[in-house]
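Please report on the fold, the cores and a few individual residues of the chain shown below.

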Amino acid sequence: MLILITLLAVSAIRMANTNLLVVGNEQFQKEAEDAANYHLDLALNSDNFTALNVDRSAPLPAFSGAAAANETSYAVKIPPPVCKRYRYLKKGELVKADNSVPLENLPCFGSSSSSGLTVVLAAAQLNDNSLCATSLWEMTADVQLPGTGAKAQAVQGVEMRIDYAEAKDACK
């Protein structure tokens, strides 16, 4: 009887240790995913983010997750974005229903907002390509927590309007 109780106690301790390891690994995995999303959001929302110019030399700011301690340091890598596809914007897509052109769309017609020019298009020209393209970019953030083996990768797609020549060069 004593042997049976001892075996049950040992089994309970082993199961508790195994469950503790699983929960700890899940916690580190969640923190790594949070760190990946955090740094990806920083890169996507930075003032200097453009399709071809993402500053990778600046050190990444520290991530302080809900359960992250001061000694927890995540290794975060954000490789350059990859262009998945692009398409030329038609001039008709840039014109409002009242046939006016918003100021932010003037460069797509070869005009600047300060030029004082009025864009006048014939109905047939609305199907012509503009000087702008819409492009779909894929960004990833790879995170590793040294010493634990916890890894995570966040993938984010972002669509942005860029110059058609830039899209043609970047999206080969």
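From the N terminus on, the order of elements is α-β-β-β-β-α. That makes 2 helices and 4 strands. Both kinds are DSSP runs numbered from the N terminus: helices are H or I with at least four residues, strands are E with at least two.

This is a predicted model, in which local features need pLDDT of at least 70 and side-chain atom pairs count only at pLDDT 80 or more, while totals for chains, interfaces and linings use all residues. Residues are numbered from 1 along each chain as its sequence is written, and side-chain values use heavy atoms, with hydrogens and water left out.

**Surface and contacts.** The accessible surface of the chain is about 11500 Å², and 55% of this belongs to carbon and sulfur atoms. Areas come from the Shrake-Rupley method with a 1.4 Å probe; for residues, only the protein chains shown count as cover. Of the 172 residues, 30% count as buried. Buried means under 20% relative accessible area, exposed over 50%, and partly exposed in between (1.4 Å probe, protein chains only). Contact means heavy atoms within 4.5 Å. Among contacts between residues at least 6 apart in sequence, 73% join residues at least 24 apart.

**Cores.** A nonpolar core is a set of buried Ala, Val, Leu, Ile, Met, Phe, Trp, Tyr and Cys residues joined through side-chain atoms within 4.5 Å. The largest has 24 residues, of which L40, Y74, I78, W137, M139 and V143 touch the most other members. Elements giving two or more residues to this core are α1, β3 (129-145) and β4 (150-163). A second, separate core has 8 residues, among them L94, V95, V101 and F109.

The table sets out their relative accessibility.

| Residue | Relative accessibility | Class |
|---|---|---|
| L8 | 57% | exposed |
| E33 | 36% | partly exposed |
| S135 | 1% | buried |

L8 lies in helix α1 (residues 2-44). With M1, L4 and I5, L8 forms a nonpolar surface patch of about 480 Å² accessible area together.

E33 also has its place in helix α1. The C-alpha atoms of E33 and A152 are 5.3 Å apart, although 119 residues separate the two along the chain.

S135 is in strand β3. Its side chain makes a polar contact (2.7 Å) with the side chain of W137. Such a contact is a pair of N or O atoms within 3.5 Å; within protein, one must be able to donate a hydrogen and the other to accept it, and residues adjacent in sequence count only if both atoms are side-chain atoms. Leaving aside residues up to four places away in sequence, S135 touches residues including C83, R85, Y86, V158 and C171.

Conventions
Patch = residues over 30% accessible without salt bridge, like charges linked within 9 Å, V, L, I, M, F, W, Y side chains within 5 Å. Salt bridge = Lys/Arg side-chain N within 4 Å of Asp/Glu carboxyl O.
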